[in-house]
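Here are my notes on the model you sent over.

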Amino acid sequence: MGRLDGKVIVLSAAAQGIGRAAALAFAKEGAQVIATDLNGEKLKELDGTPGIRTRVLDVTKKEQVEALAKELERVDVLVNIAGFVHHGTVLDCEESDWDFTMNLNVRSMYLMIRAFLPQMLARRSGNIMNMASVASSIKGVMNRCVYSTSKAAVIGLTKSVAADYLEQGIRCNCICPGTVDTPSFRERIQARPDPEQAFKDFMARQKIGRMCTAEEVAHLCVYLASDESGYVTGAEHVIDGGWSLAPSERVREYLGSSRGFQHHGEFLQHLRQREKHELGMKLLVAPPS
């Protein structure tokens, strides 16, 4: 007997990373999985896996999402994973970057929930999972402005859905990972000017000594999809190796590097000069008083 026997699960971004690991874990526990992704070629790698049916889907297209919902008579669990990580501050984020990120990271979840929720309500039974992040309202992270904003919105969406339909048999939770070693993460590293240094910087903040794996996040997904979590709703499930417990990069730098300066203002001036050199931009830091 699997922990998810008989459950029908729809999830997005199943071609690689967390989505792929979750699809495989769901199927292993006996679920019938409809694995969707925009990348049809990568998605084909799941074809033939017992318990998994693949479907090319653009979750930002309302008509495609609604068509899939109409085709499926019953969905027990909806898992929204599709997302994009933009690198940069608010000054690095163009309007097009903002719109793209919010459309994929937030609006797509809105579309998916609106499409699949009515049939769940009709049965007075449903389970929704949204992929958020520790980089959100949970923790301020440098160079993650629009990404963190979008993931904070996902947390808000999750809690709103949970509260609105609590008495109608609907559960809604979000998962908030830290740094997960996935193909998309490796691609982002390679896109940096100095990939080797970028990787070292990411590793430096892993106080547990390693990054999270997609399979570890998938284990949490299985728990939330199962009846074992039947009393759990409206919650942020952090899986970050303790990263959210640590002070932010700037605070940690201040605590570790402020010795040798005469006063706080002098240290802030040092930070301002150094980051101008490193980032090639003017920091929005108030002048020392």
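1. A word on the source. This is a predicted model, so everything below is about computed geometry, and local features are described where pLDDT is at least 70.

2. Let's start with the largest pocket. It holds about 1,300 Å³ of space, and 48 residues line it. If you want to centre your view, go to Gly83, Phe84, Val85, Ser184 and Arg188, which lie nearest the middle of the pocket.

3. Which elements give two or more residues to that lining? They are α1 (17-28), β2 (32-37), α4 (95-123), α5 (145-164) and α6 (183-190). The largest share comes from α6, with 5 residues. By residue type, the lining of the pocket splits into 24 nonpolar, 16 polar and 8 charged.

4. Next, α1, one of the helices on that list. It has 12 residues and runs 17 Å from first C-alpha to last, close to the 16 Å expected at 1.5 Å a residue. The helix is mostly covered, with 9 of its 12 residues buried. Those buried are Gly17, Ile18, Gly19, Ala21, Ala22, Ala23, Ala25, Phe26 and Ala27. Just past the end of α1, Gly30 takes a positive phi of about 100°.

5. Staying with α1, look at Arg20. Its side chain meets that of Glu45 in a salt bridge, 3.4 Å from N to O. The pair joins distant parts of the chain: Arg20 sits in helix α1, while Glu45 is in the loop between α2 (40-43) and β3 (52-56), 25 residues away.

6. How many salt bridges does a search of the whole structure find? The count is 12. One I would check by eye is Arg3 with Glu228, where the closest N and O atoms are 2.8 Å apart. Arg3 is in the segment before β1 (8-11) and Glu228 is in the loop between α8 (214-225) and β9 (236-239), so the bridge spans 225 residues of chain. Arg3 has a relative accessible area of 36% and is therefore partly exposed. Glu228 is partly exposed too, at 47%.

7. Another bridge is formed by Arg210 and Glu216, with 2.7 Å between the closest N and O atoms. Arg210 is partly exposed, with a relative accessible area of 41%. For Glu216 the value is 27%, which again means partly exposed.

8. Now Ile138, in the loop between β5 (126-131) and α5. Is this residue buried or partly exposed? Its relative accessibility is 28%, so it counts as partly exposed. Beyond its neighbours within four places in sequence, Ile138 is in contact with Ser133, Ile155, Cys176, Glu236, Val238 and Ser244.

9. Leaving aside neighbours within four places in sequence, Ser148 is in contact with Ala135 and Ser136.

10. Finally, some backbone angles to inspect. Most residues other than glycine have a negative phi. Arg124 has a positive one, near 55°. This arginine lies in the loop between α4 and β5, and it counts as exposed because its relative accessibility is 52%. Asn143 also has a positive phi, near 60°, and is found in the loop between β5 and α5.

Conventions:
Residues are numbered from 1 along each chain as its sequence is written. This is a predicted model: local features need pLDDT of at least 70, side-chain atom pairs count only at pLDDT 80 or more; totals for chains, interfaces and linings use all residues. Side-chain values use heavy atoms; hydrogens and water are left out. On a 1 Å grid over the protein atoms alone, a cavity is a set of points where a 1.4 Å probe fits but cannot get out, and a pocket is an open set with protein on both sides within 12 Å along at least five of seven lines; lining residues have an atom within 4 Å of a point. Grid points are joined across faces, edges and corners, and a volume is the space filled by probe spheres set on the points. Helices (H or I, at least four residues) and strands (E, at least two) are DSSP runs, numbered from the N terminus. Ala, Val, Leu, Ile, Met, Phe, Trp, Tyr, Cys and Pro count as nonpolar, Asp, Glu, Lys and Arg as charged, and the others, Gly among them, as polar. Buried means under 20% relative accessible area, exposed over 50%, partly exposed in between (1.4 Å probe, protein chains only). Contact means heavy atoms within 4.5 Å. The expected span of a helix is 1.5 Å times one less than its number of residues. A salt bridge is a side-chain nitrogen of Lys or Arg within 4 Å of a carboxyl oxygen of Asp or Glu.
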